[in-house]
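This report describes the strand pairing, the nonpolar cores, the aromatic pairs and some individual residues of one structure. The sequence and the model are shown first.

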Amino acid sequence: MNTKKIMSLVLVLVITLSMVACSNGSAEVKETAFEGEYMIDGNTAKEQFEAGNAILVDARGEDAAKGGTVEGAIATTWQYLSNVENVELGDYDWGLILQPEELATRLGNLGLSKDKEIILFAEGPKGWGEDARILWTLRAAGYDQLKMVDGGLNALLAAGLSESKDVTKLDPVEVKIDALDYEYVVNTNELEAAIDDYVIIDVREDKEYEGGVYYGEAQGGHLPGAIQIKFTDLFDEDGYLKSNDDINSMFADAGVTKDDQIVAYCTAGIRSAYMQLVLEMLGYDNAQNYDGSYYTWCAHNDVEM
């Protein structure tokens, strides 16, 4: 066989192997740059889910999941676990974590056992940080086996999990919550009483920080003295978290130190829950999420433009 024919066969073999890799999803898997207690990559999530050791939760909710989710994942929303029913937007109690009895009932109805690892996913910078808000809520409720997927839905599909438009329903379980842990939570009353003691991080977009009203806020602007570190700036162009060093540099450039008492906020405490968890995973131990966030603050207090 001549050299030209050998080279042609080698080329065909390379192309064939590449097509096989693509069909298995492995060619699209991106190595995760960020490392942290609550973060998991798509491959590891797939392994644990397929081994029966974890529950996958689509944090975007059923409506979004019906447009395409991971086969076998359940779906819920942060609103289902928060005080947003029968309360006016901007009230002091709006958007807070539900009280233990009601929260336990709802988590039990979802089938979210404390004995299973719970892996949450959403869509990174294309979404609102819903996976982190639910993780933050579950932690307050006493769950201790919690992860969220770096790269979200795309990372799980790239790892080879099947896509489906059917939302899984789990059998109800008994969930017990004796009390909520508010270590990483700050409310409006606490912030009003001691706002000067905190480094306030506004994680919203420029148009929001600079005074635009887009989501029914009582007024535009930002909390007094708030610095801006956008939720979307945590991610790279592919929707994965940037490296620990890159994010630490971003915080340092903004003047945030690990000794600061930090409060993150957004419009409703969703994107800021993601920021709080990232801060915590990087060693900013005094970081809290303001769950009432701008909706509540601007309804009762002065703001800056």
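Rings of Phe, Tyr and Trp (its six-membered ring) count as a pair if their centres lie within 6.5 Å; planes under 30 degrees apart are stacked, those over 60 are edge-to-face, and the rest are tilted. The model is predicted, and local features need pLDDT of at least 70, side-chain atom pairs count only at pLDDT 80 or more, and totals for chains, interfaces and linings use all residues. Residues are numbered from 1 along each chain as its sequence is written, and side-chain values use heavy atoms, with hydrogens and water left out.

**Aromatic pairs and charges over rings**

A search of the whole structure finds 9 aromatic pairs. The ring centres of Trp78 and Trp94 are 6.2 Å apart and the planes stand at 80°, so this pair is edge-to-face. Trp78 and Trp94 are in the loop between β4 and α4, 16 residues apart. Here helices (H or I, at least four residues) and strands (E, at least two) are DSSP runs, numbered from the N terminus. Both Trp78 and Trp94 are buried, where buried means under 20% relative accessible area, exposed over 50%, and partly exposed in between (1.4 Å probe, protein chains only).

The pair of Trp128 and Tyr215 is edge-to-face because the ring centres are 5.6 Å apart and the planes are at 90°. Trp128 lies in the loop between β5 and α5 and Tyr215 in the loop between α8 (206–209) and β10, so the pair ties together parts that are 87 residues apart in sequence. Trp128 counts as partly exposed, at 38% relative accessibility, and Tyr215 counts as partly exposed at 30%. Ring pairs also link Trp78, Trp94 and Tyr295 into a cluster.

A charge sits over a ring if NZ of Lys or CZ of Arg is within 6 Å of the ring centre and within 35 degrees of the ring normal. Two such arrangements are listed below.

| Charged residue | Ring | Distance from ring centre |
|---|---|---|
| Lys114 | Tyr143 | 5.4 Å |
| Lys258 | Tyr284 | 5.5 Å |

**Strand pairing**

Two strands pair if DSSP finds at least two bridges between them. An open sheet is formed by 5 strands in the order β1-β6-β5-β2-β4, with parallel pairing. β1 (39–40) and β4 (74–75) stand at the edges with a single partner strand each, so one side of each is left without a neighbour in the sheet. β1 runs parallel to β6 (residues 146–149), and 2 bridges join them. Within β6, Val149 is the bridge partner of Ile40. Helix α5 (residues 130–140) packs on the sheet and touches β5 (117–121) and β6; its direction makes about 175° with that of β6, where axes are lines fitted to C-alpha atoms, for helices over the stretch in contact, and angles run from 0 to 180 degrees between N-to-C directions.

Elsewhere, β9 (residues 199–202) and β11 pair in the parallel sense over 4 bridges, and Ile200 stands opposite Val263 in β11. β9 is also joined by 2 bridges to β10 (residues 227–228), with which it runs parallel; the partner of Ile201 in β10 is Ile227.

**Nonpolar cores**

A nonpolar core is a set of buried Ala, Val, Leu, Ile, Met, Phe, Trp, Tyr and Cys residues joined through side-chain atoms within 4.5 Å. The largest has 62 residues, and those with the most contacts inside it are Leu107, Leu234, Phe251, Tyr274 and Val278. Elements that each supply at least two residues of this core include β2 (54–58), α4 (100–110), α9 (244–253), β11 (262–265) and α10 (271–281). Helix α10 gives the most, with 7 residues.

Contact means heavy atoms within 4.5 Å. Beyond its neighbours within four places in sequence, Tyr274 is in contact with residues including Met39, Met148, Phe231, Leu234 and Leu241. A second, separate core of 15 residues includes Ala45, Ala54, Phe121 and Tyr240.

**Individual residues**

Most residues other than glycine have a negative phi. Asn86, not a glycine, has a positive phi near 60°; Asn86 lies in the loop between β4 and α4 and is exposed, with a relative accessible area of 84%. Ser293 likewise has a positive phi, of about 50°. Ser293 is found in helix α11 (residues 293–300) and is buried, with a relative accessible area of 0%.
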